[in-house]
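Please look through the sequence and the model before reading on.

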Amino acid sequence: MSPLPQAYQLRISLVDSEPEIWRQVLVEPQCPLEDLHRVIQLAMGWEDKHEYAFDVGLAEKRSRLANTQPLAEVIKSDTPLYYTYDFESGWLHRITLESIEAKAANDLEASHQLPTCTDGAGACPPEDTGGVWGYDDFHARLEDTSAPDYITLIEKHSDFDPDEFDVNAAAARLNA
């Protein structure tokens, strides 16, 4: 009997975001990290304007991963991966393996086309807002009518809602 197809259910959280900005995605275990980069970009809502890297561990215990490595070889249920997007701003994402879904092929195809986004919360911060701390400052300036760049920010981001997240739109971006 051949093994059933699997899907990894991942939680991708923007480290230090408050309230937490996160996405839950389903991906194939053999997905190379370079493809997971694309999944994260589309699920989060980033614009793929900057360099990125995947690591296991942080600081001096950090080990950089090759983008060609399959996810199944590098992620463990008890050890998160870290994805840094935009080295200057330092958008750090924690990727945890929540579960491994084993389904009959027809069930997997009927329920989800992989990859897909199944849940999440919080709007993706606008590009180039300077990491989590710059994003906090961005919010403050967006609400401060006396801020020197208030008019420019309102013109560019007047419709930005930090609490808005549309799981169907994220899933559609992944399957476009």
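## Confidence

The protein chain has a mean pLDDT (the predictor's confidence in each residue, from 0 to 100) of 90, and 92% of its residues reach 70 or more. This is a predicted model, in which local features need pLDDT of at least 70, side-chain atom pairs count only at pLDDT 80 or more, and totals for chains, interfaces and linings use all residues. Residues are numbered from 1 along each chain as its sequence is written, and side-chain values use heavy atoms, with hydrogens and water left out.

Confidence is highest in helix α1 (residues 33–44), at a mean of 98, and lowest in helix α3 (residues 105–111), at 50. Where pLDDT is low, the predicted coordinates should not be read in detail.

## The sheet

Helices (H or I, at least four residues) and strands (E, at least two) are DSSP runs, numbered from the N terminus. An open sheet is formed by seven strands in the order β4-β3-β5-β6-β1-β2-β7, with antiparallel pairing; two strands pair if DSSP finds at least two bridges between them. At the edges are β4 (63–64) and β7 (116–121), each of which pairs on one side only.

Strands β1 (residues 6–14) and β2 (residues 22–27) run antiparallel and are joined by six bridges. Tyr 8 lies opposite Val 27 in β2.

## Helices α4 and α5

Phe 138, Arg 141 and Leu 142 of α4 meet Tyr 150, Leu 153, Ile 154 and His 157 of α5, where contact means heavy atoms within 4.5 Å.
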